[in-house]
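This report covers the fold and then a few selected sites. The structure comes next, followed by the terms and the findings.

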Amino acid sequence: MNPRADWEQRSADLWAAFNAAPDDWDQEEFRDRVGALADELGSDHPVAAFERACAWDSTGHSDKAVPLYRKALELGIDGIRRRRSVIQMSSSLRNIGQPGESVRLLTEERGRGSDELDDAVSAALALALTSVGREREAVSIAVGALAKHLPRYQRSTANYARLLVEPD
């Protein structure tokens with residue numbers, strides 16, 4: 001399901017150039033360039049839908065990104081892009097006023113396994129929780145994710161995070 005290595009490199013180069021100076025790009029031109037790369041994969045390729053979603057999202061159009069993330073997931077996107085699709089779609093859902101669905105998706109995602117995007121899932125979930133009025137739970141998740149990165153006080157910080165949402 002993953003594109004060829006040369007395609008991946010061209011895509012990575014385009015994204016690196018955009019991310020290095022996003023304000024220097026014409027947004028429509030950037031989306032067109034991503035679209036041209038996606039066209040090489042075909043309209044029913046999950047990575048094509050994902051890349052288009054990312055381009056809309058990265059240029060401030062969460063509303064146009066969400067259906068494309070859904071399409072990528074429906075088409076069976078896998079690997080790290082699957083998890084990125086869930087995180088990014090959930091963030092976009094929050095941005096377009098659907099934080100409840102964002103909380104649901106990210107809560108499910110936290111139970112799906114662990115990888116290098118765990119903290120990104122936690123951060124997105126914490127933000128979504130604040131949007132639905134569950135700030136104490138949001139702080140607990142954010143502090144809990146932060147705890148493992150501290151040079152000291154990891155155990156006590158993790159316990160404090162847990163105690164924010166658990167009874168004494």
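A residue is called buried when its relative accessible area is under 20%, exposed when that area is over 50%, and partly exposed in between, using a 1.4 Å probe and protein chains only. At 14% relative accessibility, Thr 157 therefore counts as buried. This is a predicted model, in which local features need pLDDT of at least 70 and side-chain atom pairs count only at pLDDT 80 or more, while totals for chains, interfaces and linings use all residues. Residues are numbered from 1 along each chain as its sequence is written, and side-chain values use heavy atoms, with hydrogens and water left out.

## Overall fold

Helices (H or I, at least four residues) and strands (E, at least two) are DSSP runs, numbered from the N terminus. The protein has nine helices and zero strands, and its pattern along the sequence is α-α-α-α-α-α-α-α-α. The C-alpha trace spans about 55 × 35 × 35 Å along its principal axes. Of the 168 residues in the protein, 39% are buried. A contact means heavy atoms within 4.5 Å. Among the contacts with a separation of 6 or more, 53% are between residues 24 or more positions apart.

The expected span of a helix is 1.5 Å times one less than its number of residues. Helix 3 has 13 residues, and the distance from its first C-alpha to its last is 18 Å, close to the 18 Å expected. The buried residues of helix 3 are Pro 46, Val 47, Ala 48, Ala 49, Phe 50, Glu 51, Ala 53, Cys 54 and Ala 55. Their cover includes helix 1 (5-20), helix 2, helix 4 (62-74) and helix 5. Just after helix 3, Gly 60 has a positive phi of about 85°.

Axes are lines fitted to C-alpha atoms, for helices over the stretch in contact, and angles run from 0 to 180 degrees between N-to-C directions. The axes of helix 2 (residues 27-41) and helix 3 (residues 46-58) come within 8 Å and cross at roughly 175°. Angles under 35 degrees count as roughly parallel, over 145 as roughly antiparallel, 65 to 115 as roughly perpendicular and the rest as oblique. Helix 2 and helix 3 are therefore roughly antiparallel to each other.

On the helix 2 side, the residues that meet helix 3 are Phe 30, Arg 31, Val 34, Gly 35, Ala 38, Asp 39 and Leu 41; on the helix 3 side they are Val 47, Ala 48, Glu 51, Arg 52, Ala 55 and Trp 56. The residues of this contact divide into eight nonpolar, one polar and four charged. In that classification Ala, Val, Leu, Ile, Met, Phe, Trp, Tyr, Cys and Pro count as nonpolar, Asp, Glu, Lys and Arg as charged, and the others, Gly among them, as polar.

Ala 48 lies in helix 3 and is buried, with a relative accessible area of 0%. Not counting residues up to four places away in sequence, Ala 48 touches Ala 38, Leu 41 and Gly 42.

## Helix 7

Helix 7 (residues 118-131) has 14 residues and should span 20 Å at 1.5 Å a residue; its end C-alpha atoms are 20 Å apart, which agrees. Within helix 7, Asp 118, Val 121, Ser 122, Ala 124, Leu 125, Ala 126, Ala 128 and Leu 129 are buried. Elements covering them include helix 5 (79-95), helix 6 (99-110) and helix 8 (135-147). Just after helix 7, Gly 133 takes a positive phi of about 80°.

A polar contact is a pair of N or O atoms within 3.5 Å; within protein, one must be able to donate a hydrogen and the other to accept it, and residues adjacent in sequence count only if both atoms are side-chain atoms. The side chains of Asp 118 and Arg 83 form such a contact at 2.6 Å. Leaving aside neighbours within four places in sequence, Asp 118 is in contact with Arg 83 and Gly 113.

## Thr 157 and Tyr 153

Thr 157 is in helix 9 (residues 154-163). Its side chain reaches the backbone oxygen of Tyr 153 at 2.7 Å. Beyond neighbours within four places in sequence, Thr 157 is in contact with Val 143, Ala 147 and Leu 150.

Tyr 153 is found in the loop between helix 8 and helix 9. Tyr 153 is exposed, with a relative accessible area of 57%, and has a positive phi of about 65° although it is not a glycine.

Two C-alpha separations are listed below.

| Pair | Separation along the chain | C-alpha distance |
|---|---|---|
| Ala 48 and Ala 36 | twelve residues | 9.6 Å |
| Thr 157 and Ser 140 | 17 residues | 9.8 Å |
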